[in-house]
Amino acid sequence: VFSKNHDFEKLAVNGVPIVVLAGSEDAMFPAGEIQKGVEDLRAKGCKALLLVTNMGHSFPHENPSGTAMALRLFRDKVGM
């Protein structure tokens, strides 16, 4: 769970845009660490968007439709 997922790097080098959702109240995956990972991907040329909200770790699991809608609206707003 706490290891880096190298699939994101494969997507990045192949030009696949990535949208990442991070919660500022997430104790398992701190938003600062997620932001660093997104910055690393951007440094490799990845088109990565980062949306940080005040949610905790359980929100996406308890509200999958709301999570999908937030990501879609964010992606559409920035034209990705």
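Set aside the neighbours within four places in sequence, and aspartate 26 is in contact with Met55, Gly56 and His57. This is a predicted model, so to speak, and the spot is a handy way into it. Aspartate 26 sits in the loop between strand 1 and helix 2. Its relative accessibility is 12%, and because buried means under 20%, aspartate 26 counts as buried. As for leucine 71, its C-alpha atom is 16 Å from that of histidine 57, and the two residues are 14 apart along the chain.

Now let's step back to the whole chain. The protein chain has four helices and two strands, and reading from the N terminus the order is α-β-α-β-α-α. How does the radius of gyration fit the chain length? For 80 residues, a compact globule would come out near 12 Å, and the protein chain has 13 Å, which agrees. The C-alpha trace spans about 30 × 30 × 15 Å along its principal axes. Take the contacts between residues at least 6 apart in sequence: 72% of them join residues at least 24 apart.

On to the inside. Of the 80 residues, 20% count as buried. In soluble globular proteins, nonpolar side chains tend to be buried together. Here the largest nonpolar core has ten residues: Ala12, Ile18, Val20, Ala22, Ala31, Val38, Leu41, Cys46, Ala48 and Leu50. Strand 1 (18-23), helix 2 (31-43) and strand 2 (48-53) are the elements that give two or more residues to this core.

Alanine 12 belongs to helix 1, residues 7-13, and is buried with a relative accessible area of 5%. Not counting residues up to four places away in sequence, alanine 12 touches Leu41 and Cys46. The C-alpha atoms of alanine 12 and arginine 42 are separated by 8.2 Å, although the residues are 30 apart along the chain. Cysteine 46, for its part, touches Ala12, Val16, Ile18 and Leu41, with residues up to four places away again left out.

Asparagine 14 is in the loop between helix 1 and strand 1. At 61% relative accessibility, asparagine 14 counts as exposed, because exposed means over 50%. How far apart in space are asparagine 14 and phenylalanine 59? From C-alpha to C-alpha they are 30 Å apart, with a sequence separation of 45 residues.

Phenylalanine 59 turns up again when we reach threonine 67. Threonine 67 is found in helix 4, which runs over residues 64-78. With its neighbours within four places in sequence left aside, threonine 67 is in contact with Leu21, Phe59 and Pro60. Threonine 67 has a relative accessible area of 10% and is buried.

Last stop, the surface. The protein chain exposes about 5500 Å², and carbon and sulfur atoms supply 57% of that area. There are 9 positive and 9 negative charges, and their mean positions lie 10 Å apart.

Definitions and conventions. Residues numbered from 1 in each chain as written. Predicted model: local features only at pLDDT ≥ 70, side-chain atom pairs only at ≥ 80, totals over all residues. Heavy atoms only, no water. Rg over C-alpha atoms; globule rule 2.2 N^0.38 Å. Buried < 20%, exposed > 50% of the residue type's maximum accessible area, 1.4 Å probe, protein only. Contact = heavy atoms within 4.5 Å. Areas by Shrake-Rupley, 256 points an atom, 1.4 Å probe, with all protein chains shown as cover. Lys, Arg positive; Asp, Glu negative; His and termini not counted. Charge placed at Lys NZ, Arg CZ, Asp CG, Glu CD. Core = buried A, V, L, I, M, F, W, Y, C linked by side-chain atoms within 4.5 Å.
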